[in-house]
Amino acid sequence: MKDYIIRATAANGQIRAFAATTKEMLEFAREAHDTSPVASAALGRTMTAAAMMGIMLKGDKDLLTITVRGNGPLAGITVTADKDANVKGYVFNPHVDLPPNKEGKLDVASAVGIGLMNIIKDIGLKEPYVGQTHLVTSEIAEDLTHYFYHSEQIPSVVSLGVLVDKDTPIKQSGGFIIQLMPGAEEEIIAFLEEKIKEVKAVTTLFEEGYTPEAILEELLGEKGLQINEKVPAKFYCNCSKDRVEKALISVGREDLQSMIDDNEPIEMNCHFCNKNYEFKVEELEELVKNI
């Protein structure tokens with residue numbers, strides 16, 4: 001099943017919902033960064049959320065960034081997404097290896113640790129919108145639920161999951177976001193609260209053969225679920241040698257000349273996709289001429 005996101009409404013517009021399967025994009029990231037299972041889980045949850053939040057954007061050039069900074073051994077997560085569900089991301093320490101938590105699951109909370117989550121929306125204004133929240137559980141989904149309620153005043157349910165074993169491809173990755181719109185009736189609120197209590201873990205649903213559409217039907221089918229859009233999702237990094245050249249030029253003539261004086265080629269790495277770009281001394285000399 002290719003990665004994609006479903007956008008839907010229910011209860012005559014009182015509820016909006018998103019559900020995604022993101023196994024392929026996370027597998028790309030796992031291979032690129034050689035992430036451990038717990039690092040894959042943390043990154044996959046964040047990328048899945050960013051993909052769904054990305055398609056909430058309006059403008060073609062709008063960009064969403066989620067950063068997580070904690071005092072755990074993972075150190076941090078950075079993920080970006082656009083309105084077309086093009087997603088890229090990385091963790092600071094991809095090789096974190098921790099024992100399972102007391103429930104026998106990947107211990108994402110301990111890997112992340114105590115810290116902050118930032119949601120940055122660059123929507124073409126002079127300054128990007130930045131929302132910040134303290135990590136309440138460091139499990140990512142609950143932290144985003146807290147963010148939506150306190151920073152955007154949108155009561156939300158966020159469920160994210162990754163199923164992976166050591167040194168094997170990602171088995172499952174995905175999630176859903178369900179949000180109550182302003183003016184939602186008490187009956188709808190109570191209905192959703194009960195439904196969420198009953199629902200299985202999202203990775204369990206995927207293992208049982210559920211699709212994103214089927215997950216939303218399970219949750220909201222009784223309230224007139226309407227599927228509005230299906231958006232393909234993928235890991236996409238827009239790095240290129242030209243972009244890296246511009247970054248090198250921006251460091252200034254003096255630093256570039258110092259690199260040239262070393263008389264050795266240099267290698268630049270893209271944090272997002274882990275691709276390396278080599279610049280020979282002759283290429284650096286040409287860059288200096290453009291400053």
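Which residue in β9 does A20 stand opposite? A20 faces G175. The model examined here is predicted; local features need pLDDT of at least 70, side-chain atom pairs count only at pLDDT 80 or more, and totals for chains, interfaces and linings use all residues. Residues are numbered from 1 along each chain as its sequence is written, and side-chain values use heavy atoms, with hydrogens and water left out. Helices (H or I, at least four residues) and strands (E, at least two) are DSSP runs, numbered from the N terminus.

Strand β9 spans residues 172-180. Two strands pair if DSSP finds at least two bridges between them. Strand β2 (residues 15-21) pairs with β9 in the antiparallel sense, over 7 bridges. Strand β8 (residues 156-163) also runs antiparallel to β9, and 8 bridges join the two.

β9 is mostly covered, with 9 of its 9 residues buried. Buried means under 20% relative accessible area, exposed over 50%, and partly exposed in between (1.4 Å probe, protein chains only). In a regular strand the side chains alternate between the two faces of the sheet. Both faces of β9 are covered. One side carries Q172, G174, F176, I178 and L180. The other carries S173, G175, I177 and Q179. Every one of these residues is buried.

A further sheet is open and has 6 strands, in the order β7-β6-β3-β4-β5-β11, with mixed pairing. Its edge strands are β7 and β11 (234-235), each pairing on one side only. Strands β4 (residues 76-82) and β5 (residues 86-91) run antiparallel and are joined by 5 bridges. I77 stands opposite V91 in β5. Helix α2 (residues 37-54) packs on the sheet and touches β3 (63-70), β4, β5, β6 (115-122) and β11. Its direction makes about 30 degrees with that of β4. α4 packs on the sheet too, touching β6 and β7. The direction of α4 makes about 120 degrees with that of β7. Axes are lines fitted to C-alpha atoms, for helices over the stretch in contact (heavy atoms within 4.5 Å). Angles run from 0 to 180 degrees between N-to-C directions.

Two loop residues were also examined. E139 lies between β7 (129-134) and α4 (141-151). Its side chain makes a polar contact with the side chain of R45 (2.7 Å). A polar contact is a pair of N or O atoms within 3.5 Å; within protein, one must be able to donate a hydrogen and the other to accept it, and residues adjacent in sequence count only if both atoms are side-chain atoms. Leaving aside neighbours within four places in sequence, E139 is in contact with R45, V108 and A109. L125 is found in the loop between β6 and β7. L125 counts as exposed because its relative accessibility is 57%.
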